[in-house]
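Here is a short report on two annotated residues. Look at the model first, then read on.

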Amino acid sequence: MKEAINIKLFYISLAVLCIVSSETKIRSMAMKLFDAHCHLQDQRVVDKASLLIHIANAAGVVYIAVDGITEKDWHLVKEMSDEYDSVIPNFGLHPWYVEGKSRSWFDTLKELIEANPSAAVGEIGLDKRPLAKGVDFGEQVEVLKKQLQLAKGLKRPASVHCLDAFPELLQIMKEIGPFPAGVILHSFQGSPEVVPQLTKLGSYFSFSGHLMPLKEDKARKIVKAVPLDRILLETDAPDALPTNPIFFVPGNATLNQPANVHSVLIYVASLLDLSKEELADISYNNALRVFSFQGSKIPLK
């Protein structure tokens, strides 16, 4: 019954899309895209995850990287990956939740990633902004180091959250790296000056709707500092709803979904003076490269 409702909502959503979207936007759906980071296991959308995956796939989003953030949601990410070929699982302990970890968190994480060859590491990282207030930064550092070492040892990419902590992140990556399998700087908003050093260590830079509230000149400088072969696109859904959304989550128009990677594509392409088609091809192939590790759902080239 639930699946029937989801299918009905799917077709309703597509019908609405056809009504509200311009011909140009509809044509863009033919492009292949990769949502390099999102959270469909989030309690705000988990009951609609099946619908949102179907909508994204129908809109040309071939793969969706779903990132766990705490021990309590890793099983949900695994279940989605087991059910949908387009879902790339990522398991990690987010810096906001390091103080609630169990004693066995690392053993559990290591066993989970080893048992799931298609899994990457993430979301992990460092955060000094107010939303992370009260979370011990020293503990964030220790947890990040263990997870980066795990990713490097297993030759898996790692998706990293970093806010106001790039000097510390860079030092840690220099100590542990380089990272041939890749480190994804998710929703990157860092200074253009850190890009060359992070690139040398194996970093990719993923852009989302979080970039859009910045002044356009600042956003352009950040995006143009990144080599084209290191650019990824993501939604960070259900957060980071773009200012130019094409798709809305049924029942809550304030939430984001993976199909809106099209909106991110349109914005970032405009900053780079590229066509949507050019950036779609570049970012999709970059994502294939970083996520096509041994055991991945993506065939090795």
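Contact here means heavy atoms within 4.5 Å. This is a predicted model, where local features need pLDDT of at least 70, side-chain atom pairs count only at pLDDT 80 or more, and totals for chains, interfaces and linings use all residues. Residues are numbered from 1 along each chain as its sequence is written, and side-chain values use heavy atoms, without hydrogens and water.

An unreviewed UniProt entry lists His161 and His186 under "binding site". Such annotations may be inferred rather than shown by experiment.

His161 sits in strand β5, residues 158-163. Strands are DSSP runs of E, at least two residues long, and helices are runs of H or I, at least four, numbered from the N terminus. His186 lies in the loop between β6 (183-185) and α8 (195-200).

Both are buried, meaning under 20% relative accessible area with a 1.4 Å probe and protein chains only.

| Residue | Relative accessible area | Side-chain polar contact |
|---|---|---|
| His161 | 7% | Glu123, 3.1 Å |
| His186 | 7% | Glu123, 3.0 Å |

Beyond four places in sequence, His186 touches His37, Glu123, Ser159, Val160, His161, Ser206, Glu234 and Asp236. On the same terms, the contacts of His161 include His94, Trp96, Asp127 and His186.

Technical notes
Buried < 20%, exposed > 50% of the residue type's maximum accessible area, 1.4 Å probe, protein only. Polar contact = N/O pair within 3.5 Å; in protein donor to acceptor, adjacent residues only side chain to side chain.
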